Amino acid sequence: MLTLEIDCPVCGEVLELTEADRAELGVGDVIVCDSCNAEMEVTRNGEGEDFELELLGVLTTCPNCSEEFEVTEDMLDAAPVVEGADGVTVSLVDCPHCRAKIELEFEVVEAEED
Ligand SMILES: [Zn+2]
Ligand SMILES: [Zn+2]
């Protein structure tokens with residue numbers, strides 16, 4: 001069975017879509033990344049590799065005010081990225097509710113590290 005592998009545009013996690021998965025997906029449907037909760041809308045779902053997604057946003061919960069908000073690709077593009085001492089890369093975005101600076105940590109998946 002053909003399985004399509006898609007790299008999550010946010011965290012790099014590989015999302016596997018089987019033919020059966022794709023049969024259930026239509027244009028406009030939303031896929032959520034298991035690892036970072038990024039939402040991606042299906043913009044094409046044809047034969048074989050003819051498949052495209054558009055990143056909608058990442059739903060996150062503000063640790064300061066506990067409100068959920070969506071982090072979009074535009075916000076991420078504009079957000080400063082800082083690397084911590086432990087090598088963890090975080091993006092700083094503003095919570096739209098309380099304006100707190102939220103550190104978003106995305107698991108950057110390194111290919112086989114052993
Ligand atoms: Zn992801
Ligand atoms: Zn907040």
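**Local exposure, strands and sheets in a predicted model**

Ser66 is exposed, because 9 other C-beta atoms lie within 10 Å of its own and a residue with 12 or fewer counts as exposed. The residue belongs to a predicted model. Ser66 is located in the loop that runs between β5 and β6. Although Ser66 is not a glycine, its phi is positive, at about 65°.

A positive phi also occurs at Asn37, a residue other than glycine, where the angle is near 70°. Asn37 is part of the loop between β3 and β4, the latter strand comprising residues 38-45. With 17 other C-beta atoms within 10 Å, Asn37 is partly exposed, because this count falls between the limit of 12 or fewer for exposed residues and that of 20 or more for buried ones.

The chain as a whole was examined next. Its secondary structure amounts to two helices and nine strands. Followed along the sequence, these elements give the pattern β-β-α-β-β-β-β-α-β-β-β. The chain has 114 residues, of which 12% count as buried. Taken along the principal axes, the box filled by the C-alpha atoms is roughly 45 × 40 × 20 Å. When contacts between residues at least 6 apart in sequence are considered, 31% of them join residues at least 24 apart.

The description of the strands begins with the hairpin of β1 and β2. Strand β1 covers residues 3-7 and strand β2 covers residues 14-18; the two pair in the antiparallel sense, with five bridges. Within this pairing, Thr3 lies opposite Thr18 of β2. Six residues separate the strands of the hairpin, and Gly12 adopts a positive phi near 85° there.

An open sheet is formed by four strands, arranged in the order β3-β4-β5-β6 with antiparallel pairing. Strand β5, which spans residues 51-61, is joined to β6 by four bridges in the antiparallel sense. Thr61 is placed opposite Glu68 in β6. The loop between these two strands, β5 and β6, is the one that contains Ser66.

A further open sheet consists of three strands in the order β7-β8-β9, and its pairing is likewise antiparallel. The edge positions are held by β7 (81-83) and β9 (101-105); each has a single partner strand, and therefore one side of each is left without a neighbour in the sheet. Neighbouring strands here are turned against each other by 35° on average, direction ignored. Strand β8, made up of residues 89-94, runs antiparallel to β9 and is connected to it by five bridges. Among the residues involved, Leu92 has Glu103 in β9 as its bridge partner.

Definitions and conventions. Residues are numbered from 1 along each chain as its sequence is written. Chains are lettered from A and ligands numbered from 1 in the order in which they are written. This is a predicted model: local features need pLDDT of at least 70, side-chain atom pairs count only at pLDDT 80 or more; totals for chains, interfaces and linings use all residues. Two strands pair if DSSP finds at least two bridges between them. Two residues are in contact if their C-beta atoms, placed from the backbone, lie within 7 Å. Axes are lines fitted to C-alpha atoms, for helices over the stretch in contact, and angles run from 0 to 180 degrees between N-to-C directions.
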